[in-house]
Amino acid sequence: MNAQIIDPLQGDFPEVIEEYLEHGCMKCIAFNRRGTLLAVGCNDGSCVIWDFETRGIAKELRDNDCSSPITSVCWSKCGNRILISAADKSLLLWDVMSGKRITRIVLQQTPLHARLHPGSSKPSLCLACPLSCAPMIVDLNTGNTTSLKVSVLEVSNNGTTPASRNKCADGITSFSPTAACFSKNGNLVYVGNSKGEILIINYKDNEVRAMVPIPGGSVVKNIVFSRNGKYLLTNSNDRIIRIYENLLPLKDEVRALDDLNENLNDLDGVEKLKGVGSKCLTLFRELQDLITKVHWKAPCFSGDGEWVVGGSASKGEHKIYIWDRVGRLVKILEGPKEAIIDLAWHPVRPIVVSVSLNGIVYIWAKDYTENWSAFAPDFKELEENEEYVEREDEFDLIPETGKVKESDVNEDDEVDIVTVEKDPGFSDSDMSEEELCFLPATPTCDVPEQMDKFIESSSKLVDSNNSGSPLSEEAGPNEHTTNHNSSPLEDDAWGTRAKRKRKPSEKVLELQAEKLKKPSKSSKASKFKTKPVVDEDGSNGFYGDEFSDE
């Protein structure tokens with residue numbers, strides 16, 4: 001089922017469908033920073049958070065004001081907040097732990113994608129890419145929006161500027177859907193426009209600082225940074241995925257751009273922007289399927305940036321292509337006959353999660369084979385027979401190779417077992433707020449099963465108990481009489497229905513009926529042997545011991 005191109009032992013990447021998640025009709029997915037939680041946007045406007053370790057639902061975020069399909073989900077850096085964009089033109093910011101909505105902002109156009117600012121643990125800014133408008137920076141506290149520039153206005157020789165684009169009915173300039181993303185630390189915004197250009201914008205002053213033309217000039221549909229910020233990926237309408245190497249420093253990006261602009265003062269206008277752009281990004285690889293020429297859906301990097309994954313946009317097929325960073329196609333994963341609508345690679349593990357058109361989430365993982373020889377530390381598997389030459393001291397009582405050499409380690413030195421070393425994959429975890437990795441499990445009530453037959457059978461048993469026991473006839477007019485033959489059965493029957501939710505077998509019902517018939521004889525005998533006991537205060541009653549089952 002999986003088309004293998006090269007030796008799969010060259011790296012860790014998924015191979016088979018390990019499991020699938022099903023909850024309503026799911027549309028889009030996003031992992032948190034550690035990959036312990038998976039947020040899924042659904043067609044009914046809710047966001048379901050799955051515990052990826054247990055593969056169970058940890059929390060469901062639902063807003064009464066939003067019932068439209070979710071178009072994108074995005075985690076904050078610390079994982080305490082989730083930003084959701086919906087088809088009803090709204091942006092919703094949620095507090096993950098409490099499950100409460102922080103704010104809701106309605107835009108003038110439907111946001112296809114929305115990304116929180118990656119440099120803050122409690123971001124107040126987000127980048128939204130509406131359907132037919134320019135990308136905009138949205139202030140989540142005030143609701144103010146700032147539209148970003150999506151093209152460079154070239155001045156012609158006679159000094160006139162080109163005509164502006166057509167405007168929508170609401171006065172907003174109409175654009176093709178434009179892709180945009182923050183840089184690793186959120187200092188810059190990279191915009192891919194319909195002219196086949198990558199614009200590097202300082203969103204604080206909304207100025208284009210550099211421009212990188214894409215070969216062919218095709219519309220840019222996706223633009224994504226790798227996790228470490230060293231590589232940029234673009235998906236264009238010419239069916240080619242391009243990987244660019246980021247030449248700017250990760251922390252002082254704005255200052256580096258200012259220095260490049262000062263060094264290129266001899267150029268002006270568009271040529272200067274292109275010159276600065278050539279110092280910011282350089283084309284590294286181009287990925288495509290030369291045979292089928294398919295369009296790509298939701299391409300992205302692996303967690304370590306060593307692999308690139310992209311889904312086929314063809315209808316009726318669930319194909320996932322995996323390349324190494326050098327550009328070699330290493331695997332084609334073929335799933336069910338359902339189109340792919342979203343794709344995500346786990347941040348730290350060789351796992352890919354895909355969403356089908358039918359709303360099912362598939363989890364692709366590596367096909368691990370059991371290797372029992374790994375339990376023997378000195379055991380070595382041989383592909384073929386080898387000639388073994390025994391050592392000279394192999395059969396000595398104390399071989400030379402077995403003698404323990406004196407260690408150079410000072411045993412008096414204190415060993416630090418408290419300090420936790422930083423994971424190189426999360427070296428930038430200098431956040432002021434504690435990161436949210438797991439959610440406490442909230443028990444939910446199961447859906448009750450149909451118990452009509454069991455209720456009917458239990459009621460018959462209670463009726464037969466009350467009618468067959470002479471004790472019940474005597475104790476009828478006495479309110480203080482306790483029927484110990486019927487109440488334990490009735491309590492047990494209802495308790496069983498509430499806890500286990502399954503009806504007893506016919507054999508169990510027969511045994512319970514026989515048990516009810518036995519006390520009737522003993523109760524008749526006790527009727528003649530004993531009399532009602534009168535308390536000192538004059539109230540009538542029975543001792544419970546006289547009528548307990550022997």
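**Entry 1: Leu247**

I began at Leu247, which sits in the loop between strand E21 (241-246) and helix H1 (253-263). Helices (H or I, at least four residues) and strands (E, at least two) are DSSP runs, numbered from the N terminus. The model is predicted, so I noted its limits: local features need pLDDT of at least 70, side-chain atom pairs count only at pLDDT 80 or more, and totals for chains, interfaces and linings use all residues. Residues are numbered from 1 along each chain as its sequence is written, and side-chain values use heavy atoms, with hydrogens and water left out.

Is Leu247 buried or exposed, or in between? Its relative accessible area is 42%, so I list Leu247 as partly exposed. The classes are buried under 20% relative accessible area, exposed over 50%, and partly exposed in between (1.4 Å probe, protein chains only).

**Entry 2: aromatic pairs**

I looked at the rings next. A pair of aromatic rings is described by the distance of the centres and the angle of the planes. Rings of Phe, Tyr and Trp (its six-membered ring) pair if their centres lie within 6.5 Å; planes under 30 degrees apart count as stacked, over 60 as edge-to-face and the rest as tilted. By this rule I have nine aromatic pairs. One of them is Tyr231 with Phe284: the centres are 5.5 Å apart and the planes stand at 50°, so I call the pair tilted. This pair links distant parts of the chain, 53 residues apart, with Tyr231 in strand E20 (residues 231-236) and Phe284 in strand E22 (residues 281-287). Tyr231 is buried, at a relative accessible area of 10%. Phe284 is partly exposed, at 25% relative accessibility.

I also looked up Tyr321 and Trp323. Their rings are stacked, 6.0 Å centre to centre with 20° between the planes. Both Tyr321 and Trp323 are buried. Which residues do ring pairs link into a cluster? They are Trp296, Tyr321 and Trp323.

**Entry 3: positive phi**

Lys293 has a phi of about 55°. Lys293 lies in the loop between E22 and strand E23 (296-301). Its relative accessibility is 40%, so Lys293 is partly exposed. Ala298 also has a positive phi, near 50°. Ala298 is in strand E23. With a relative accessible area of 16%, Ala298 is buried.

**Entry 4: Gly99**

Gly99 is in the loop between strand E9 (90-95) and strand E10 (100-106). At 25% relative accessibility, I put Gly99 down as partly exposed. C-alpha to C-alpha, Gly99 and Arg81 are 9.5 Å apart in space and 18 residues apart in sequence.

**Entry 5: surface patches**

I finished with the patches, made of residues with over 30% relative accessible area and no salt bridge: like charges are joined within 9 Å, nonpolar side chains (Val, Leu, Ile, Met, Phe, Trp, Tyr) within 5 Å. A salt bridge is a side-chain nitrogen of Lys or Arg within 4 Å of a carboxyl oxygen of Asp or Glu.

Val415, Ile417 and Val418 form a nonpolar patch, with about 390 Å² of accessible area together. Val418 is in the loop between strand E29 (361-365) and helix H3 (452-468). Val418 is exposed, at 69% relative accessibility.

Which residues form the negative surface patch? I found Glu381, Glu383, Glu384 and Glu386. Glu386 is in the loop between E29 and H3. At 53% relative accessibility, Glu386 is exposed.

Definitions and conventions: Accessible areas come from the Shrake-Rupley method with a 1.4 Å probe; for residues, only the protein chains shown count as cover. Lys and Arg count as positive and Asp and Glu as negative; His and the chain ends are not counted. The place of a charge is taken as NZ of Lys, CZ of Arg, CG of Asp or CD of Glu.
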